[in-house]
Each structure stands twice: as C-alpha cells, then as structure tokens.
Amino acid sequence: MSFPWAKEYAPTNGVTKFLDEKLPLPRLVYNAVGAGYPVPRNLSYFWNFGVLAGFFLVVQIVTGVVLAMHYAANAQVAFATTEHIMRDVNWGWMMRYAHANGASFFFIVIYLHIFRGLFYSSYKAPREMIWLLGVVIFLLMMATAFMGYVLPWGQMSFWGAKVITGLFGAIPVVGEPIQVWLLGGFAPDNAALNRFFSLHFLLPFVIAGVVILHIWALHIPGSSNPTGVEVKSESDTLPFHPYYTAKDGFGLGIALLLFFTMVFFLPNALGHPDNYIEANPLSTPAHIVPEWYFWPFYAILRAFTVDFLFFPAKLLGVIAMFGSILVWFILPWLDKSPVRSGHYRPLFRKFFWFGLIPAMVVLFICGGAPAEEPYVMLSQIATAYYFLHFLVILPIVGQIEKSEPLPYSITEAVLGSDKKAVLGENTTPAV
Amino acid sequence: MTKLLSIRLVAILVGLGFALIALYSFVLGAYAWMTEEPAGHLPYEEPRDIAFSFDGPFGKWDIQQLQRGFKVYDEVCAACHSLKFVAFRDLEQLGYDEGQVKAFAASKQVPGIDPNTGEATTRPGLPTDYFPDPYPNNVAAAAANNNAIPPDLSLMTKARGDGVNYVASLLSGYSEPTAELLAEHPEAAPGPGLYHNPYFPNLNLAMAPPLTTTGQVTYDDGTEATVEQMSTDVAAFLAWTAEPTMVQRKQTGWPVLIFLLFATVLAYLSKQQIWAAAKPKKD
C-alpha cells in the first residue's frame, strides 16, 4: 500500500506512543488522509467530490438519526409526525430540510464524482475494484433515497412506492407475488412503511461500510489524476495533508454555502408540492414523478412504450432501467483504450461532451416531464444513445482511436519538465 | 484476450439490441404523434404574481395581514375546511395574548368525553387543542359538499405549485367562462354543482365562490375588505399555517451564510498559502 517515499508515522509523545502500540488508530489516519499518503500533485477540483460525498453521508446519518427520534413509521400518523417535526420539535424544520436537501446534495456530488470517473476513465486498471464498489454504493444510495422518500407518507411517497414496487410486477410469472412480498400487501400500507423505515435506517450504515472498502481499494493504487499518467516518482506527488486537506476544505466551504442557501431559502425547490398532501390511495396524482435524482433512469423506464416480440413494454423498460446502471459494472472491460484521461482522447472526448452529456440532460428533463410528446420521443432517442455509448461506442472507440501525446509524467505536466524524462531514463509512452 | 474480445462483442450486440428496441418504440410513437390528434390541455392560467411581505430572503410576516387572514379563515373558510395541524396556542405567534387565545379557543367546541357518562360529547376548546374539523368524518364532509371533500388547509400553500399566489388568485378569480373558451373547449362548461375558475387546472371547481362581496368580513384594523384584499390576506394566513417557522428559517439563514462565507474565504487563503510551496518555480 502506498508509495515507497510515503512518510512513516512517528508518534511523538507518551499517549500517541501508547496508542500506536495498542491500537494504531492515529497511524491509520496518518496513512489514509494525513501526511503519510502521497497523492498526485495535479488533482483538479473534480477530485473534491469523493470527500464531499463522504461529508454528505455523515450529514444524512446525523440528521436522519435525529429525525428518527421524532418520527413514527405508522401509516396513521407518519404524515402528522412529519408535520410535528416541522412545527413543534425545536429546530425540527432545519433537521428535516437539511435531510431532504442533504439527499439532493449527496446525489449532486455523487453524479459529479461519477462523471469525473467516466471522463478520466478512473474505472480502468488498476482501479476496477474502486469503480465496482462505487457502483454498489450508488445502487445502495438509490434504494435508500427511494425508501426515505416514502416515509413522510405524502401523495408522491405513496404513489412513488406503488409505481416502483410495481416494476417488480413486470417480471414474468413470479412478478406479482414478489411485489406483494416486497410490500407486505397488495398496495403500500403500514407493512411497507414499517419495513421501508427499518431499511432506510439500516442501509446508510451499509453504505458507510462499502465506503470504507471503496477508500481501502483506492489507497492501494492511489488516486488517478487528470493526465491519467500513473505516479512515477516522488516529485509527482504531494502529501495529502496539508495540500489536499486544504483544497478539500475550500471545496467543502463552497458546497456548504450552496447547501445552506437551499436549506434556508429554497428548502422545497427540489421537492414536489404533492408530497405536502397526505397519502390517499383513492386519489391518483396527475403526474407521478420521482425525486429529481431519479429522472434520467425514470425516463429510460418510460421510453419503452411498445411491446417487442414476447416482451411486454413494461418489462423492457424495467430491464433497460436496471441495465442502464448495471452496464457500469462491466465498464472496465469494455473500454480498453490504454489512455485514461479524456484530455488525450480526441474521439472519446467528442462522444463524451456531444453524446453522453446531452443524452443525460435530455433524459433528465424528460424524466421529470409528464409522459407526453415530445418528451417520450426525445427520451427514446436519448435512451438509444445511452446504451450505444456504453456498449457500442466505448469498445469501438477504444480500438480505433489515435490518442494525443501524453506527458512523460505528472511532474512534466505540472512543472513543464521532468529531469528523469530529459535524461531519457524512460522514453516509452507512459500509461 | 479472446475472452475480453467476446465480452465486448456481446456488449456491442446487447447495446445494439437496446438501442434498436428503443428506436422501434420511437418510430411507432412518432408515427402515432404525426397521425393522431394530440390530447389538448384545458387552457388554465398561471397564478398572478402578488407581492407578499414574506417574499424573498429578507421577508417578514405582516402581523396585521395575518390577523386579517385569520379572521377570513375563521368566518368563511372554517365552515367547511379543517386546519388540523394548527393549535389554538399557535395563534400567539399572530400577536394575540394568552387571554385572547384562551377566549378564542373556548369559543370553539372540540370533541370530548362526558366526565359522568363517558359518552362522546363536545367541550369548549383549550389553547392546547387543535382547530376542530367542521365535519365528524369524511363521509359527512362528502355528503354535505356534493361528494367533494373540502381539503384540510394547514399545508395548502405548500401543496400547490406557487401556492400562496395560487390560493390568492383562485379565491379572487371566479368568473364566467368566456364565449371563445366554450367555442374551443365545449367540455370546459361547468357541470351541475361546479364553478368556473381560470386558475383551477381543469377549470371546474366544486367550491362555490366563498368570497363574493366587499365587507363580507369586517376587519378590525379598518382595512377595506374587498374580495381581492380578503383573498390576499387569507392566502398570507395560510402561508403562515403551512410553515409557521418560515421567517425564523430565513433569519437563521443569514448568519449561517455570512459565517460560511467568512470561513470559505479563510479556507481559500490558507489553501493558496499552502499550495504556494508546491507551485512550479519559474527559472
């Protein structure tokens, strides 16, 4: 783990010496996020989002635990206890708005984190395991967020739960029994609300566990970097502390400014008004939409409007929606270009900025819009592109692309020259 | 190598499959879109933009307005609409003193139990009681209102898009459907027991116009109670019932943001200072 030039932890006083002998926790921190962890010196602000994601996970757990002290997971009173938190619990409104907007910010930073990984091909060897664990975290986040949105027991909570669990009903033969089993009944009610609350409390701690694995796996090869050229020598790196603690500190300040602007001045801007109406199984909302962070995947689900051969449209939509995230699991083996960074891949870069990003934007807009034309048609084209991009374009581009010349090392990219490169110590193309 | 190649070959085939099926849906959808008449929406109006004292990041309640709106709710809306998340004690936030709140609570009958017989009965309200429901249950509410249950108003302004403006616009927006509208959308004509309102999404509302004449409510502060004024005031009151902590929220926000701005500038400066040591030296 880590590079040979990593500084070793040296306890200075009796207490740290005692701890280092019995339980080397300070050593662990020193080697993980301290001066003992060398990091590429050229990381841009796009490398801030991992730390920010960890921060928002903590925000969610802290606010969530406090909310759980005042909330009751019972279909009779869930909506009322949510309002009780908003009105009668001291600073309850702040806890709830921080939790609701904290979920949104968690997803914002995770999406930026994922797109950074896609542009710089952070999923490529030797970092496949980090990427795979990241996809697992993302799936767990989606499940947690979905179940959390059900808890206030508003109209969108109820109908969202009904639609999403209904997806399992699309599975042939066993679908209906599975749906009933998941809900503990034929429609979302007390049984569903209770188990969603239980799992919503549990899963964040599972996420925290996978985050530890994610960071562990990261510390074996070390961070990727904007050139995609691996670290070669000590001059390519800087110790995490104080350089990246300072940089992450500034990034955290910006994120908190945006976060609290939303919490205090626009707390309901990302929510749906219908969720301030208590759940009513007899009244269907005009447009059932999930929270904004699910819109691209909801658009893929709804893009399949026609049966195809033996497949009903609904089943196709469900397969495509889950498939759209599951393809990320095989990404390291699809994109075999030896160059990591999009900066040196002219063809990949074009498909990324003019293909994938516009397709995601279209899917996002269509997922939040009612299921009407032209949104459905737009989402169908974008869905087709989405799958072509990951499953067809990436493998082919990786084969045919002629990449631009890479710098010899990170040092050369940052400082303009690297003594070792000048001496001709190693002139093979650096990867 | 051949194994990896085969993973990619399978991926390409699967990707083409998904894309083709999505495009198949697209082609059939596009054909239907071009050949079929689109289902038109009824042309309802967006709420008017009304200036409220609590708008914007510095907004504050206008206590006089909230008291006027409360009176409109109490004398007009409360006949049919509950306000179940608001307690009488909350009225102290509207500038009423303890005695006034007690007196108001006592003027309302809330469900209770006869201490001698245990029978269900009613008793005068206490400040800790919540606003009583005008109907004993939903069935009674539906029976009394042509099968349309009057919704609880506690959260109304948060439960509609642009809620405060919507409530004010709707209450003062009742009108007769225009001839052009009926010519273009004959289905927009109000059915029996329904009333035309251009701000309501399907244009036909089961609620009869509740505010109809100037002076319907007598304001204690001498403000002229026009329909417009009463609608605006009760919308403001409902903004308060929906989020009594709104002004506290905004007022808490400023010190938090100012502190964070300060801390972020400091974080930036320390980051600059620390990184100065690692910046490329020009020689």
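## A walk through chains A and B

Buried residues account for 28% of the 283 residues in chain B. This is a predicted model. Chain B has a radius of gyration of 29 Å, whereas a compact globule of 283 residues would have one near 19 Å. The C-alpha trace of chain B spans about 90 × 65 × 50 Å along its principal axes.

Next, the secondary structure. Chain B holds 8 helices and 4 strands. Their order along the sequence is α-α-α-β-β-α-α-α-β-β-α-α. Take the contacts in chain B between residues at least 6 apart in sequence: 62% of them join residues at least 24 apart.

Now turn to a site in chain B. UniProt, in an unreviewed entry, lists B:Cys77, B:Cys80, B:His81 and B:Met207 under "binding site". These residues span 131 residues in sequence, yet no two of their C-alpha atoms are more than 10.9 Å apart, so they gather at one spot.

Two of the listed residues can be followed further. B:Cys80 sits in the loop between α2 (63-75) and α3 (98-106) of chain B. B:His81 is also in the loop between α2 and α3 of chain B. Are these residues buried or partly exposed? B:His81 has 23 other C-beta atoms within 10 Å, so B:His81 is buried.

Their contacts come next. Neighbours within four places in sequence are left aside. B:Cys80 is then in contact with B:Pro134, B:Asn145 and B:Pro150. B:His81 touches B:Pro150, B:Pro151, B:Asp152 and B:Leu153.

Where does chain B meet chain A? The contact takes 49 residues from chain B and 51 residues from chain A. On the chain B side, α1 and α8 (246-276) each supply at least two residues. The largest share of that side, 20 residues, comes from α1(B). The residues of the chain B side divide into 33 nonpolar, 10 polar and 6 charged.

One residue of that helix shows the contact in detail. B:Ser25 is found in helix α1 (residues 2-35) of chain B. B:Ser25 is buried, with 26 other C-beta atoms within 10 Å. Not counting residues up to four places away in sequence, B:Ser25 touches A:Ala303, A:Phe304, A:Thr305, A:Val306 and A:Gln380.

Cross over to chain A. The domain assignment gives domain 1 (32-288) and domain 2 (289-400). The centres of these two domains of chain A, taken over C-alpha atoms, are separated by 21 Å. Their contact takes 26 residues from domain 1 and 23 residues from domain 2. On the domain 1 side, the elements that give two or more residues are α5 (92-119), α6 (128-150) and α7 (155-168) of chain A. Of these, α6(A) gives the most, with 7 residues. The domain 1 side divides into 16 nonpolar, 8 polar and 2 charged residues.

A UniProt annotation also covers part of chain A. In an unreviewed entry, UniProt lists residues 15-227 of chain A for "domain: Cytochrome b/b6 N-terminal region profile". How much of residues 15-227 of chain A is helix, and how much is strand? Over residues 15-227, chain A is 71% helix and 1% strand. The end C-alpha atoms of residues 15-227 are 42 Å apart.

Notes:
Residues are numbered from 1 along each chain as its sequence is written. Chains are lettered from A and ligands numbered from 1 in the order in which they are written. This is a predicted model: local features need pLDDT of at least 70, side-chain atom pairs count only at pLDDT 80 or more; totals for chains, interfaces and linings use all residues. The radius of gyration is taken over C-alpha atoms; the globule rule is 2.2 Å times the number of residues to the power 0.38. A residue is buried if 20 or more other C-beta atoms lie within 10 Å of its own, exposed if 12 or fewer, and partly exposed in between; C-beta atoms are placed from the backbone. Two residues are in contact if their C-beta atoms, placed from the backbone, lie within 7 Å. UniProt positions are given in the numbering used here, feature names are shortened, and annotations may be inferred rather than shown by experiment. Ala, Val, Leu, Ile, Met, Phe, Trp, Tyr, Cys and Pro count as nonpolar, Asp, Glu, Lys and Arg as charged, and the others, Gly among them, as polar. Domain bounds come from an automatic or database domain assignment.
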